[in-house]
Amino acid sequence: RLYSDLSLLTCDEHLGADASQIFNSVTGLTRLMHFRRLYPSPAMMKERLLELIAAEEQRARRGERAEIRAKMNSLNDPEMMAALESASAAGVRIFLNVRGICCWVPGTREGQEGTRIVSIVDRYLEHARIFSFSNGGSPLVYIASADWMRRNLDRRVELMIPIRDRALVKRVMDILDACFRDNVQACLM
């Protein structure tokens, strides 16, 4: 009974200003510039995701708890896969829900033991993209329009939005949790 397309309705002035800038850049009135809260592609999203993955890897290397959980439709970007590989080899626990194409397979025994990749194909095409990084116990949670694909991260205008409100973080994490609890439609990849 779960169908999730996610959006955020907010009165946050910084997000509003960033959204206006996105629309102005898409219409050709301005160029993509610095944003306060939004992470658009191709300008900033991949760079931010790689930073977040690297931060989890550094936590794992220090012996701290490090975890990445993400839901998307496809994963085939070489830089993202290399970052996940490095993180998994360092001991980051990685849980991915990839509905369709997933080109990454952990290459080390440690990476394979700490990684779980599932696919859920049901009646509806799920469009929610959720990315969660444990961040030393203060999770950073994002929703996005982009999959971790080269075309989405390098060639299209897409958005990644931080979820900051605690109640909303819980709600988004509940959706992510449900995806990993599925024992009927889920297929372990």
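Is Phe131 buried or exposed in this predicted model? At 0% relative accessibility, Phe131 counts as buried.

**Figure 1. The ring pair of Phe131 and Trp148.** The ring centres of Phe131 and Trp148 are 5.0 Å apart and the planes meet at 40 degrees, so the pair is tilted. Phe131 belongs to strand β5 (residues 129-133), whereas Trp148 sits in the loop between β6 and α5 (150-155); the pair thus links distant parts of the chain, 17 residues apart. Trp148, like Phe131, is buried: its relative accessibility is 0%, and that of Phe131 is 0%.

**Figure 2. The largest nonpolar core and the surroundings of Leu96.** The largest nonpolar core comprises 50 residues. Those with the most contacts inside this core are Leu49, Leu75, Leu84, Leu96, Phe131 and Trp148. Residues up to four places away in sequence being left aside, Leu96 touches Ala70, Met72, Leu75, Leu84, Trp104, Arg116, Ile117, Val118 and Phe180.

**Figure 3. The aromatic pair of Tyr39 and Tyr142.** The count of aromatic pairs comes to 3. In one of them, Tyr39 and Tyr142 are arranged edge-to-face, with 6.1 Å from centre to centre and 75 degrees between the planes. Tyr39 lies in strand β1 (residues 39-41) and Tyr142 in strand β6 (residues 140-144), so the pair ties together parts that are 103 residues apart in sequence. Both Tyr39 and Tyr142 are buried. Tyr39, Phe133 and Tyr142 form one aromatic cluster.

**Figure 4. The salt bridge between Asp77 and Lys46.** The count of salt bridges comes to 13. In one of them, the side chains of Asp77 and Lys46 meet at 3.0 Å, N to O. This pair links distant parts of the chain, 31 residues apart: Asp77 is in the loop between β2 (67-72) and α3 (78-90), and Lys46 is in helix α2 (residues 45-61). Asp77 and Lys46 are both buried.

Figure 5. The closest N and O atoms of the salt bridge between Asp177 and Arg69 are 2.5 Å apart. Asp177 is partly exposed, at 25% relative accessibility, whereas Arg69, at 13%, is buried. Asp174 forms a salt bridge with Lys170, with the closest N and O atoms 3.0 Å apart. Asp174 is partly exposed at 36% relative accessibility, and Lys170 is exposed, with a relative accessible area of 51%.

Technical notes:
Residues numbered from 1 in each chain as written. Predicted model: local features only at pLDDT ≥ 70, side-chain atom pairs only at ≥ 80, totals over all residues. Heavy atoms only, no water. Core = buried A, V, L, I, M, F, W, Y, C linked by side-chain atoms within 4.5 Å. Buried < 20%, exposed > 50% of the residue type's maximum accessible area, 1.4 Å probe, protein only. Contact = heavy atoms within 4.5 Å. Phe/Tyr/Trp six-rings, centres within 6.5 Å; stacked < 30°, edge-to-face > 60°. Helix = DSSP H or I, 4+ residues; strand = E, 2+ residues; numbered from the N terminus. Salt bridge = Lys/Arg side-chain N within 4 Å of Asp/Glu carboxyl O.
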